[in-house]
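Please read it with the structure open.

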Amino acid sequence: MDMTGEERIPASREAVWQGLNDPDILKRCIPGCQSLEMRSPMELAAVVKVKIGPVSATFNGHVTLSNLSPPSGYTISGEGKGGIAGFAKGGADVTLDEENDETVLRYDVKAEVGGKLAQLGSRLIDSTARKLAQQFFTNFNVAVSSPTEAAG
């Protein structure tokens with residue numbers, strides 16, 4: 001599965017960069033995130049519960065950041081194991097560009113799934129992934145552009 005897109009965020013590039021590297025903000029923004037822990041400045045561990053069609057699974061994942069270029073972007077890659085439901089792994093290149101008083105966050109995602117999830121069909125997986133990505137970016141946009149609202 002490949003997915004590209006962009007999100008316009010009414011905040012400075014530095015604020016968006018800080019948000020992308022703040023485990024508390026990310027935990028609040030990732031749909032179904034039960035825990036997110038920074039293991040090192042380049043590694044995170046996450047537990048995320050998702051439902052894709054008839055399959056509901058809790059994924060234990062490991063995320064690595066690379067190609068860091070503050071505050072312009074990075075590459076994020078990871079793998080999550082969901083027990084009998086299967087696995088998901090992939091990565092995304094994230095770039096941040098300033099345009100007027102906004103930051104344009106662009107992403108290019110490549111991912112694959114295996115196990116029971118792979119049997120659901122690519123159309124269902126793609127539509128669910130797009131929906132989850134949109135939920136994340138909507139939440140992230142609010143958290144970064146109006147931190148006082150997101151905290152409450």
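The points below cover the basis of the model, then salt bridges, then strand pairing.

1. Basis. This is a predicted model, in which local features need pLDDT of at least 70, side-chain atom pairs count only at pLDDT 80 or more, and totals for chains, interfaces and linings use all residues. Residues are numbered from 1 along each chain as its sequence is written, and side-chain values use heavy atoms, with hydrogens and water left out.

2. Salt-bridge count. There are nine salt bridges in the structure. The criterion is a side-chain nitrogen of Lys or Arg within 4 Å of a carboxyl oxygen of Asp or Glu.

3. Arg 106 and Glu 6. These side chains form a salt bridge, N to O 3.3 Å. The pair ties together distant parts of the chain, 100 residues apart: Arg 106 sits in strand S7 (residues 102-114) and Glu 6 in strand S1 (residues 2-9). Strands here are DSSP runs (E, at least two residues), numbered from the N terminus. Arg 106 is partly exposed at 28% relative accessible area. Glu 6 is partly exposed too, at 40%. The classes are buried under 20%, exposed over 50%, and partly exposed in between (1.4 Å probe, protein chains only).

4. Arg 39 and Glu 37. Their salt bridge has an N to O distance of 3.1 Å. Arg 39 is exposed, with a relative accessible area of 52%. Glu 37 is partly exposed at 43%.

5. Lys 110 and Asp 108. In this salt bridge the closest N and O atoms are 3.9 Å apart. Lys 110 is partly exposed at 46% relative accessibility, and Asp 108 is partly exposed at 31%. Elsewhere, shared partners join Glu 6, Arg 8, Asp 97, Glu 99, Glu 102 and Arg 106 into one salt-bridge network.

6. Strand S3. Is this strand mostly covered or mostly open? Strand S3 (residues 43-52) is mostly covered, with seven of its 10 residues buried.

7. S2 with S3. Strand S2 (residues 33-40) pairs with S3 in the antiparallel sense, over six bridges. Pairing requires at least two DSSP bridges between two strands. Leu 36 has Ala 46 in S3 as its bridge partner. A hairpin of two residues connects S2 to S3.

8. S3 with S4. S3 and strand S4 (residues 55-69) run antiparallel, joined by 10 bridges. Val 47 stands opposite Asn 60 in S4. Which residue in the turn has a positive phi? Gly 53 does, at about 60°, in a hairpin with two residues between S3 and S4.

Definitions and conventions:
Helix = DSSP H or I, 4+ residues; strand = E, 2+ residues; numbered from the N terminus.
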